[in-house]
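I opened a new page for this model today.

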Amino acid sequence: MDILLATQNRGKIRELTRMLKPLGISVVEPEEDIKVEEYGNSFMENAYLKAMAYYKKYCIPTLADDSGLVIPSLDGYPGVFSSRFYALDWGGKEPVKTTKDQANISKVLRLLEGRSDRRAHFKAVVCLMIEEDLYLFAEGTCQGEIVETPRGSEGFGYDPIFKPLGQERTMAELSPEEKDLISHRGKALRKLLEFLKECKSFISYPRASMS
Ligand code: IMP
């Protein structure tokens, strides 16, 4: 089975590919960036918008991921604005000195300065569009807290400042395999694949019993 990944985010492509490949699923990367207006108010809406935009262009089963960091003491921000939090007026714009990820991290740390409630969670919603009117969603979350100083060089995005619950290391200090086991994206993807597996055995049962 071929699945098109509806993203240009290298971090997401890396993670989704390494989880799908061992299952015999060939991952197709989009040749060109499709500009998707992510005007949804939820991860689910945005995942759908991305899956639909890429599906329309390539017409093969398409997997989209919309994800982000949710911090309750910041009214749920960065949330659906996670990738461009640095540029939002809310909380004040953050200059990009090196990378956008770096600016996002600096803004979160600035807004949490002196706060004791540093709870946070990552959330991912994946949308697999099989046909234009046939699609599935699955959701995964990873609970944790925001540390005071970034640590680690694995992963991407907010990983250096996110310490998953029950871990002493930040997400960026975990190996890729360790991250996949506990991450929001790993959980969402496994749920989706398990459901598909169950559908497959359900569909093949009557055929097998007829022979
Ligand atoms: P999206 O491409 O609109 O879904 O934005 C996702 C953004 O959320 C990324 O650019 C990161 O800033 C953040 N994010 C999502 N998943 C992760 C993760 O696994 N680690 C760190 N940051 C993440």
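Entry 1, the helix. I am working from a predicted model. I began with what the buried residues of α2 pack against: β1, α1 (10-20), β3 and β4. I then listed those buried residues: Phe43, Asn46, Ala47, Leu49, Lys50, Ala51, Met52, Tyr54 and Tyr55. I noted that Lys50 and Asn46 are among them.

I counted 16 residues in α2. From first C-alpha to last, α2 reaches 22 Å. That is close to the 22 Å expected at 1.5 Å a residue. After α2 I found Cys59, with a positive phi near 55 degrees.

In what order do the 6 strands of the open sheet run? I read β2-β1-β3-β4-β5-β6, with mixed pairing. I marked β2 (26-28) and β6 (162-164) as the edge strands, since each pairs on one side only. On average, neighbouring strands are turned by 35 degrees against each other, direction ignored.

I looked at β1 (residues 2-5) beside β2 and found the two parallel, joined by 3 bridges. Which residue of β2 stands opposite Ile3? I found Val27 there.

How values were computed
Residues are numbered from 1 along each chain as its sequence is written. This is a predicted model: local features need pLDDT of at least 70, side-chain atom pairs count only at pLDDT 80 or more; totals for chains, interfaces and linings use all residues. Side-chain values use heavy atoms; hydrogens and water are left out. Two strands pair if DSSP finds at least two bridges between them. Helices (H or I, at least four residues) and strands (E, at least two) are DSSP runs, numbered from the N terminus. Axes are lines fitted to C-alpha atoms, for helices over the stretch in contact, and angles run from 0 to 180 degrees between N-to-C directions. The expected span of a helix is 1.5 Å times one less than its number of residues. Buried means under 20% relative accessible area, exposed over 50%, partly exposed in between (1.4 Å probe, protein chains only). Contact means heavy atoms within 4.5 Å.
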